[in-house]
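Here is a short report on one structure.

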Amino acid sequence: MEVSEKEFERIVSRNKSVIYTVCYMFADNAEDADDLFQEVLLNIWNGLGQFRQSSDMSTWIWRISLNTCISRGRKRKRRPTVRLTMEANLYEDTDDDTRQIRMLRERIHRLKPFDRAIVLLWLENLSYEEIGDIVGITAKNVSVRLYRIRQELKQMSNN
């Protein structure tokens, strides 16, 4: 499948919120999310020639996004990194809603990558069948995993 730059722009435009959502859930900060976003775009561009259209384009985009983010996480664990920090966090918000969202994100971020992917897809209101198609398990298995993930999230402390 030969794809023009215009077609690629159209695909990205239609799916950019999905891609960024996945990147955000697997990133440690906004800069990391932006880097992941660029890496996903590169993988989509490189993979479009092999896209067989045996699945829906959005399902394929989800898979590329999740696989890119999970793979990058695995690579990071093998390689030590030095974190640079700024004293001021310009993205910090202190209202109760923001704290709740941050707490939920931190808990989800502590899940195993596969479980994190399932939660992310569920939060995007995808059906169990769609989630199963994207991650490669049955809808029943999605149901069981989500139940176990919810239990794990409930048991987590804020630490």
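## Salt bridges and a helix contact

Arginine 72 is buried, with a relative accessible area of 18%. The cut-off for buried is under 20%. Note that this is a predicted model.

What does arginine 72 meet? One partner is aspartate 32, through a salt bridge between the side chains. Aspartate 32 lies in helix H2 (residues 30-47) and arginine 72 in helix H3 (residues 57-78), so this pair ties together parts that are 40 residues apart in sequence. Both aspartate 32 and arginine 72 are buried.

Glutamate 39 also forms a salt bridge with arginine 72. Glutamate 39 lies in H2 and arginine 72 in H3, so the pair joins parts that are 33 residues apart in sequence. Glutamate 39 is partly exposed, with a relative accessible area of 25%.

A search of the whole structure finds 4 salt bridges.

| Aspartate 32 | Arginine 72 | 3.1 Å |

Aspartate 115 lies in helix H5 and arginine 145 in helix H7 (residues 139-155), so the pair ties together parts that are 30 residues apart in sequence. Arginine 145 counts as partly exposed, at 29%.

Besides Asp115, the buried residues of H5 are Arg116, Ala117, Ile118, Val119, Leu120 and Leu121. Just after H5 comes asparagine 125, which takes a positive phi of about 65 degrees.

H5 also packs against another helix. Helix H1 (residues 5-26) and H5 (residues 113-123) pack at an angle of about 140 degrees, and their axes are 11 Å apart. That angle makes H1 oblique to H5. The crossing of H1 past H5 is right-handed.

Which residues meet in this contact? From H1 come Thr21, Val22, Met25 and Phe26. From H5 come Pro113, Arg116, Ala117 and Leu120. These residues divide into 6 nonpolar, 1 polar and 1 charged. Arg116, Ala117 and Leu120 are also among the buried residues of H5.

How values were computed
Residues are numbered from 1 along each chain as its sequence is written. This is a predicted model: local features need pLDDT of at least 70, side-chain atom pairs count only at pLDDT 80 or more; totals for chains, interfaces and linings use all residues. Side-chain values use heavy atoms; hydrogens and water are left out. Axes are lines fitted to C-alpha atoms, for helices over the stretch in contact, and angles run from 0 to 180 degrees between N-to-C directions. Helices (H or I, at least four residues) and strands (E, at least two) are DSSP runs, numbered from the N terminus. Angles under 35 degrees count as roughly parallel, over 145 as roughly antiparallel, 65 to 115 as roughly perpendicular and the rest as oblique. A crossing is left-handed if the near helix is turned anticlockwise from the far one by less than a right angle, and right-handed if clockwise. Contact means heavy atoms within 4.5 Å. Ala, Val, Leu, Ile, Met, Phe, Trp, Tyr, Cys and Pro count as nonpolar, Asp, Glu, Lys and Arg as charged, and the others, Gly among them, as polar. Buried means under 20% relative accessible area, exposed over 50%, partly exposed in between (1.4 Å probe, protein chains only).
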